[in-house]
Amino acid sequence: MRCIGVINQKGGCGKTTIAMNLAACLALLDKRTLLVDMDPQNHCAVGLAVPEDQIERNIYDVLISARSEKSLAVNSIIWQISQNFDLAPAGIELAAMEPQLAGKDRREELLRDVLAGLGDSYQYVVIDCPPSVGLLTFNALRASDEVVIPVETGYFALHGLIRQLETLTILRQQCSQPISFKVLASMYDVRTKLAREILNELRKNHKSDMFQTVINFNTKLKEAASFGQPISEYDPSSKGMRDFMALAQEIIESEQPHNLEKSVESVESQLRAISKTADELLTESQQKLGVRSVRGEQQDKKISLQEKIDNFYGVRQNQGKVEFVALYPRAKSVLLAGDFNNWQPANTPLNPQGSNGRWSVDLPLAKGRHSYRYIVDGRWQEDPYNQNIQPNEFGEYNSVVEVK
Ligand SMILES: Nc1ncnc2c1ncn2[C@@H]1O[C@H](COP(=O)(O)OP(=O)(O)O)[C@@H](O)[C@H]1O
Ligand SMILES: [Mg+2]
């Protein structure tokens with residue numbers, strides 16, 4: 001049984017999406033797979049259409065009773081999702097586990113002990129973790145032979161790669177057994193040339209510490225979860241499906257890691273090196289870009305390059321107006337709908353800015369909080385360059401702008 005923890009203290013970097021779809025694809029490749037949800041938010045059940053109100057017992061009950069006479073077996077909480085694919089759901093009670101077990105001996109090893117009781121029922125166990133580093137994540141860590149660290153590689157996220165890897169410092173203090181750690185680039189935006197170049201370079205330099213597979217940003221993955229299906233059921237022909245099949249295959253083909261003497265310290269320093277390379281490449285590319293634009297526009301005053309790049313997409317405010325800027329090189333029309341136009345996009349198009357794929361519009365908006373979405377060639381979506389989002393009633397997300 002190979003046990004794979006999906007760990008990163010950063011929320012929204014794709015852990016649950018990866019855990020669910022990796023498990024689904026391993027199952028599709030004939031591997032008996034159990035997905036264990038250790039996040040009190042129980043997102044795996046939601047994303048796999050397990051009715052939450054009918055979950056009577058969850059992994060909390062198993063863990064909390066593990067060392068008592070009336071211990072509850074993992075088997076008794078399992079939901080079958082599809083052939084070869086089972087889920088051990090989480091529950092909100094998990095959030096209280098840490099204080100309840102304060103001072104208890106070997107409390108970080110409960111999950112490991114419990115999974116050991118499964119014997120050979122499963123070939124793979126995938127563990128989804130909460131976005132924090134505490135008892136639940138330590139339990140996942142102790143139970144894992146391998147750890148997948150999803151790292152969001154959208155353009156903006158690359159700036160703070162090191163922050164995404166901070167988890168490692170904490171794990172280092174907690175981890176005694178040998179584990180293989182590997183970074184998985186997630187939410188990769190292939191449309192951004194810079195992100196593309198950086199990823200290629202990282203992969204060249206840090207081959208053994210990163211998965212060859214990259215999980216691209218693919219809205220089908222988001223849609224699949226909102227329909228309660230893994231991508232293998234929702235859209236088997238999607239790019240998201242291709243990525244997860246490739247990941248499952250890469251994991252199956254990689255032998256159980258054998259260079260286990262590799263210490264966590266050395267893994268940590270390798271990950272730091274990855275992050276440093278990313279920062280260097282980013283700075284280098286920005287400098288190149290700066291030289292070109294300064295010469296090209298014959299400006300003697302140096303523009304802040306960072307400002308130039310950061311302002312390229314997203315929303316910015318300028319003297320009572322809000323500018324919406326998006327990059328859609330292949331789009332034929334980009335419209336804007338929001339609470340400010342009664343969600344009627346027809347009269348608020350973004351205008352193409354030359355032939356570089358950049359679209360923008362200036363709107364005078366009242367002070368306060370506004371929600372909006374783009375309609376790109378007829379398809380509604382959130383603004384991919386605005387990280388301020390909130391769920392809407394359709395199970396999707398609206399982008400949000402706060403006008404000051
Ligand atoms: N590769 C991807 N492409 C598009 N959307 C994604 C991708 N990965 C995750 N998402 C979306 O981003 C949000 C956060 O992802 P999630 O997997 O829940 O992260 P975490 O579990 O780390 O908090 C979800 O809405 C999810 O559907
Ligand atoms: Mg999650």
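This is a predicted model: local features need pLDDT of at least 70, side-chain atom pairs count only at pLDDT 80 or more; totals for chains, interfaces and linings use all residues.
Helix H13 runs over residues 239-253. At 1.5 Å a residue, its 15 residues should span 21 Å, and the end C-alpha atoms are 21 Å apart, which agrees. Its buried residues are Gly240, Met241, Asp243, Phe244, Met245, Leu247, Ala248, Glu250 and Ile251. These buried residues pack against strands E1 (2-6), E5 (124-128) and E7 (180-186), and against helices H1 (15-28), H11 (219-226) and H12 (231-234).

The crossing of H1 past H13 is right-handed. The table gives the residues that make the contact.

| Helix | Residues in the contact |
|---|---|
| H1 | Thr17, Ile18, Asn21, Leu22, Cys25, Leu26, Leu28 |
| H13 | Met241, Phe244, Met245, Leu247, Ala248, Ile251, Ile252 |

The largest nonpolar core has 45 residues, and Leu34, Val36, Ile59, Leu63, Leu111, Leu115 and Ile127 have the most contacts inside it. Elements giving two or more residues to this core include strand E2 (33-37), helix H3 (59-64), helix H5 (110-116) and strand E6 (146-152). Helix H6 gives the most, with 5 residues. Apart from this core lies another, of 35 residues, among them Ile18, Cys25, Leu26 and Ala45.

Beyond its neighbours within four places in sequence, Leu115 is in contact with Met1, Cys3, Leu34, Val36, Val125, Ile127 and Ala143.

Notes:
Residues are numbered from 1 along each chain as its sequence is written. Chains are lettered from A and ligands numbered from 1 in the order in which they are written. Side-chain values use heavy atoms; hydrogens and water are left out. Helices (H or I, at least four residues) and strands (E, at least two) are DSSP runs, numbered from the N terminus. The expected span of a helix is 1.5 Å times one less than its number of residues. Buried means under 20% relative accessible area, exposed over 50%, partly exposed in between (1.4 Å probe, protein chains only). Contact means heavy atoms within 4.5 Å. A nonpolar core is a set of buried Ala, Val, Leu, Ile, Met, Phe, Trp, Tyr and Cys residues joined through side-chain atoms within 4.5 Å. A crossing is left-handed if the near helix is turned anticlockwise from the far one by less than a right angle, and right-handed if clockwise.
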